[in-house]
Amino acid sequence: MNISEQPLQQINTFFENYAAVLEQFDSKGMVSLYNIPCTLTSDETTTVFNDSAKLEGFFNTGAGFYKQLGIAKMRPDVWYKREWTGKIINVKVNWQFFSENNKPIYNCDYHYVIRLDKNSQWKIILSVSANERERMEEWRKKSRK
């Protein structure tokens, strides 16, 4: 199945669904959007997950951290979608994080490689955090003042 045969809107919908499970802090729902194995990487670390339970644990830790920051809402802004093959797409997303009352907290960029699986479902095989740590630290410094 070629991406050009499908509406690219599917990618936007995929990330809107991702935001919905993030907002619910639904780690099982988040895992369902990832291929196993998958790789999560940033400048500081790279982790390959071969086990969905370990990936779920990672997401549970992240959910706790987001809750501590007061993050309640997330909005994905898909900046680009670049087809690599008929079933693999590179996607850049700017994630915007908000408090319960819609006050902006911070935003950051992620790059994803997603692949259409045998059930015609998009799954993340690679997630690259481009600047979340830096943006979060900038926000923390500003919020302390």
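A salt bridge is taken here as a side-chain nitrogen of Lys or Arg lying within 4 Å of a carboxyl oxygen of Asp or Glu. The structure is a predicted model, in which local features require pLDDT of at least 70 and side-chain atom pairs count only at pLDDT 80 or more, whereas totals for chains, interfaces and linings use all residues. Residues are numbered from 1 along each chain as its sequence is written, and side-chain values rest on heavy atoms, with hydrogens and water left out.

Under the salt-bridge criterion, the count comes to two. In one of these pairs, Glu-56 is joined to Lys-28, with 3.3 Å between the closest N and O atoms. Because Glu-56 belongs to helix H3 (residues 52-69) and Lys-28 to helix H2 (residues 27-31), the pair ties together parts that are 28 residues apart in sequence; helices here are DSSP runs of H or I with at least four residues, strands are runs of E with at least two, and both are numbered from the N terminus. Relative accessible area is used to class residues as buried (under 20%), exposed (over 50%) or partly exposed (in between), with a 1.4 Å probe and protein chains only. By this scheme Glu-56 is buried, at 18%, whereas Lys-28 is exposed, at 58%.

A salt bridge is also formed by Glu-44 and Arg-133, whose closest N and O atoms are 3.9 Å apart. Glu-44 is placed in the loop between strand E1 (34-41) and strand E2 (46-49) and Arg-133 in helix H4, so that this pair ties together parts 89 residues apart in sequence. Glu-44 is partly exposed, with a relative accessibility of 44%, and Arg-133 is likewise partly exposed, at 47%.

Helix H4 (residues 132-144) also contains Glu-134, which is a member of a negative surface patch together with Asp-43, Glu-137 and Glu-138. Such patches are made of residues with over 30% relative accessible area and no salt bridge, like charges being joined within 9 Å and nonpolar side chains (Val, Leu, Ile, Met, Phe, Trp, Tyr) within 5 Å. Glu-134 itself is partly exposed, with a relative accessible area of 33%.

A search of the whole structure for disulfides, defined as pairs of cysteine sulfur atoms within 2.5 Å, finds zero. The sulfur of Cys-38 has its closest cysteine sulfur in Cys-108, at 18 Å, which is too far for a bond. Both residues are buried, Cys-38 having a relative accessible area of 1% and Cys-108 one of 0%.

Several features of the backbone were also identified. Most residues other than glycine have a negative phi, and most peptide bonds are trans. A cis peptide bond, with omega about 5°, joins Ile-36 and Pro-37, and Pro-37 is placed in strand E1. A positive phi, near 65°, is found at Asn-102, a residue other than glycine. Asn-102 occupies the loop between strand E4 (88-98) and strand E5 (104-116) and is partly exposed, with a relative accessible area of 47%. Ser-120, again a residue other than glycine, has a positive phi near 60°; Ser-120 lies in the loop between E5 and strand E6 (122-129), where a relative accessibility of 37% makes Ser-120 partly exposed.

Note on methods
Areas by Shrake-Rupley, 256 points an atom, 1.4 Å probe, with all protein chains shown as cover. Lys, Arg positive; Asp, Glu negative; His and termini not counted. Charge placed at Lys NZ, Arg CZ, Asp CG, Glu CD.
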